[in-house]
Amino acid sequence: MSHFKINRQDVFFILKEQLNYGSLANLDRYRGLTEKAFDLLISEALKFAREVVDPLQEVGEQFGVKFEDGKVTSPPEFKKAFKQYGQDGWTAAARDPEYGGQGFPHMMRIVINDLMYGACQSFNMAPSLTHGAAHLIESFGSQKLKARFIPKMFDGTWAGTMCLTEADAGSNLAAIQTTAYPAGDDYKIKGSKIFISWGDHNMTDNIIHLVLARIDGAPPGVKGISLFVVPKMRLNPDGSIAGSNDVICGGVEDKLGLHASPTCVLNFGNNNDCIGYLCGEANQGLAHMFQMMNAARINTGVSGMALASTAYQNALEYAKGRIQGRDIAGRKPGDVALIEHPDVRRMLLWIKASVDGMRSMIYTAALWQDHALELNNPSERQYYRHLLDFMTPIIKAYCADMGFRVCETAIQCLGGYGFCKAYPLEQYLRDAKIMSLYEGTNGIQSMDLMGRKMRIDHGGPFKSYRKEIKRFCRKYRDHPKLGDNIEALAEAFEKLTAAAVHMSKQLNSDPLQWASNTYPALMAFGEVTIAWRLLDMAVLAARAMENGRMKNFYTGKIMQATYFTDVTLPHTLATTDSLLRKGREVIEMPIGAF
C-alpha cells in the first residue's frame with residue numbers, strides 16, 4: 001500500500017498563486033520555457049515519486065543495508081530506480097544541457113526533492129548527493145574532469161558523495177587529517193572519513209567521492225584544505241572501469257532511522273594506491289565545498305518538511321476514517337470520527353499550518369536562488385543572494401526540528417496505532433531525527449545565523465530579510481480580515497530585530513552569553529518567517545474567496561494563518577524577552593552541578 005501522500009493543490013498554490021513561478025521563464029537562462037512546461041515537469045515528478053520511488057520505502061526498511069567482506073549491498077530495487085532516476089532526467093533537471101541536464105530553473109530541483117524525499121527519504125539521498133557532487137565538478141573542475149565524470153553521474157551510471165567528516169574532526173573541519181601527496185599531475189590520497197551517506201553500495205559500478213584533504217605541507221587550519229575528486233574505481237583512458245582505486249568501506253553505522261541508506265566509514269589509500277584529482281584551486285577546498293554544503297543544508301530542511309508533509313496527510317486520512325468516542329458537545333449521536341474531537345483538530349491544524357508554512361518558506365528561498373543567480377542587474381542579484389544567505393540556516397534548522405515535531409504530533413493523532421509499524425508514521429519520526437544533526441547541527445546553524453549572517457557585507461543579509469518583512473507588514477497591516485494578525489507579526493518582528501541587534505553587539509563583549517541564546521533566536525526567526533509566509537497566503541486566499549473560488553480550500557489557508565500567528569507569536573515574544581535576560585546559569589553552572 002502506498003504510504004506517500006501529498007496535497008497537489010497546496011504545492012501549486014504556493015508555486016503559481018503565491019510565487020508566480022512562471023515568471024522565471026522571463027529570465028534569459030530560461031527563454032523558451034513556459035509555466036506550462038514547469039507544471040508538466042512537476043506533474044511528471046509527482047508521478048515518478050508515486051510509481052517508482054514510493055514502493056522503495058517499504059522495500060528499503062525490510063532489506064536495510066548489508067555489509068559483508070568490505071562490500072555494501074543495497075536492495076535490488078534501488079539499483080533499478082537509481083538508474084531510471086538519472087535516465088529520466090530527475091538528477092540533472094536544473095543543470096545545463098551541456099552535460100546532460102534539462103536546463104530547468106534551479107527552483108525545480110527543490111520542488112523535485114520535496115516530492116522524492118517524501119516518497120522515500122533514504123533512497124533520494126543518493127541521487128541528491130550525486131547531483132551535488134557532479135555540480136561541484138561542474139563549478140570548479142577542469143574541462144577534463146567535467147567531461148570524464150559529470151555525464152555519467154547525471155545519467156545515473158555513476159553515483160557521488162561528499163566526504164568531509166573524520167573521527168577526530170566532526171564539525172571542526174579545520175582539524176581534518178586526510179592528506180594528499182603530490183604524484184605527478186595528480187595526488188595520492190590517504191586518510192579516513194566517517195558518516196559518509198551512501199559512501200558505498202552496489203547500485204552503480206563507480207562512486208565519485210568529493211573529498212576534503214590537506215595537500216602535504218599546506219598551511220594549518222581551513223586555509224590549507226583542498227578539494228579532490230576521488231573515484232572508487234579507476235578509469236581507463238576511454239572512460240571504462242580499470243580497477244580498484246584503493247577506496248575501501250571500513251564499516252556501516254547501525255542507525256535509529258534511514259535503514260536503507262548506508263552511512264559508511266571510508267578508508268582512502270590503505271595500500272598507498274588511492275589517486276585523487278584536484279578540483280578547483282589548491283587550499284580553496286572548503287570555499288568550494290560550501291556550494292554543496294549550503295545546498296545540502298537547504299535540502300536537509302526540505303527533507304524535514306517533506307516527511308512532515310506526508311505525515312500530516314497520513315494523520316489526516318486516519319483521523320477522518322477512524323470512528324472513536326462520542327462528541328463532547330453532543331452534536332451528533334453515537335461515536336464520531338477522530339477529526340470531530342477538538343484536541344485532534346488542534347493538532348491537525350497546527351501540523352497543517354507548520355507544513356504549509358515550511359513549504360512556502362523553502363519554495364520562496366528557491367525562487368530567490370534563481371534571482372540571485374540569473375537576474376541581469378548585479379545589485380538585484382546581490383540582494384537575493386543576501387536573502388538566501390540569511391534563510392539557509394533557518395531553513396535547515398527550523399524545518400529539521402519542526403519536521404520531527406510534526407511527525408511526533410502526527411503519531412499522537414493516531415493514538416496507539418501511531419506507535420505501530422502498521423502505519424508509516426513511526427518510520428517518518430525515526431528518519432526525521434537525523435535532520436537536526438546533518439550538515440552542521442542546529443546549534444551550529446544558529447551561531448552562523450546570529451554571528452556571520454548578521455554581520456557580513458555590513459549586515460546585508462539581515463537588512464534584506466528585514467526589508468521583505470517590513471514591506472509586507474506595511475502593505476497589508478490595514479487588511480480588513482487579517483490586519484490584526486499582520487500587526488502582531490510586525491510587533492513581534494520589531495522586538496526580535498532589537499534583540500538580534502543586541503546579540504550582534506554581545507558577540508564581541510560576551511561571546512559565551514551570546515552563544516547560549518543563538519538557538520532560541522534562530523527558532524524565533526523561524527516562527528516569524530512561517531507567520532509571514534502563512535499570512536501572505538491568507539491575503540491571497542481572502543482575495544480568491546471574494547471571487548467565489550474554492551471556499552473550503554481558501555478558508556483553510558486563512559484559518560491556518562490566523563491560528564498559527566495567534567498561538568505562536570506570543571511564544572516568539574516570550575523567546576525574544578528571554579534573549580535579553582541577565583541570568584547566566586547556562587554559563588556559570590559548575591559541571592559537577594549538572
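Author: Let's start with a sorting rule: Asp, Glu, Lys and Arg count as charged, Ala, Val, Leu, Ile, Met, Phe, Trp, Tyr, Cys and Pro as nonpolar, and the others as polar. Keep it in mind while we explore this structure, which is a predicted model.

Reader: Happy to! Where do I use that rule? How many residues of the lining of the largest cavity are nonpolar, polar and charged?

Author: The lining of the largest cavity divides into four charged, two polar and two nonpolar residues. You can find them above: Asp-10, Ser-309, Tyr-312, Gln-313, Lys-352, Val-355, Asp-356 and Arg-359.

Reader: Which helices supply at least two residues each to that lining?

Author: Helix H8 (285-321) and helix H9 (342-374) do. The largest share, four residues, comes from H9.

Reader: And what volume does the largest cavity have? How many cavities of 30 Å³ or more does the search find?

Author: Its volume is about 70 Å³. Across the whole structure, the search finds three cavities of 30 Å³ or more.

Reader: Is Phe-38 buried or exposed?

Author: Buried means under 20% relative accessible area. Phe-38 has 0% relative accessibility, so Phe-38 counts as buried. Tyr-21, also at 0%, counts as buried too.

Phe-38 has another partner as well: with Phe-104 it forms an edge-to-face pair, 6.3 Å centre to centre and 65° between the planes. This pair links distant parts of the chain, 66 residues apart, with Phe-104 in the loop between helix H4 (76-87) and helix H5 (106-119). Both Phe-38 and Phe-104 are buried.

Reader: Which residues do ring pairs link into a cluster?

Author: Look for Phe-48, Phe-78, Tyr-85, Trp-90, Phe-123 and Trp-198, which ring pairs link into a cluster.

Reader: One last thing: which residue lies over the face of Phe-63?

Author: That is Lys-66, at 4.6 Å from the ring centre.

Key: Residues numbered from 1 in each chain as written. Predicted model: local features only at pLDDT ≥ 70, side-chain atom pairs only at ≥ 80, totals over all residues. Heavy atoms only, no water. Buried < 20%, exposed > 50% of the residue type's maximum accessible area, 1.4 Å probe, protein only. Phe/Tyr/Trp six-rings, centres within 6.5 Å; stacked < 30°, edge-to-face > 60°. Lys NZ or Arg CZ within 6 Å of the ring centre and 35° of its normal. 1 Å grid on protein atoms, 1.4 Å probe; cavity = no way out; pocket = protein on both sides within 12 Å on 5 of 7 lines; lining within 4 Å. Points joined across faces, edges and corners; volume = space filled by probe spheres on them.
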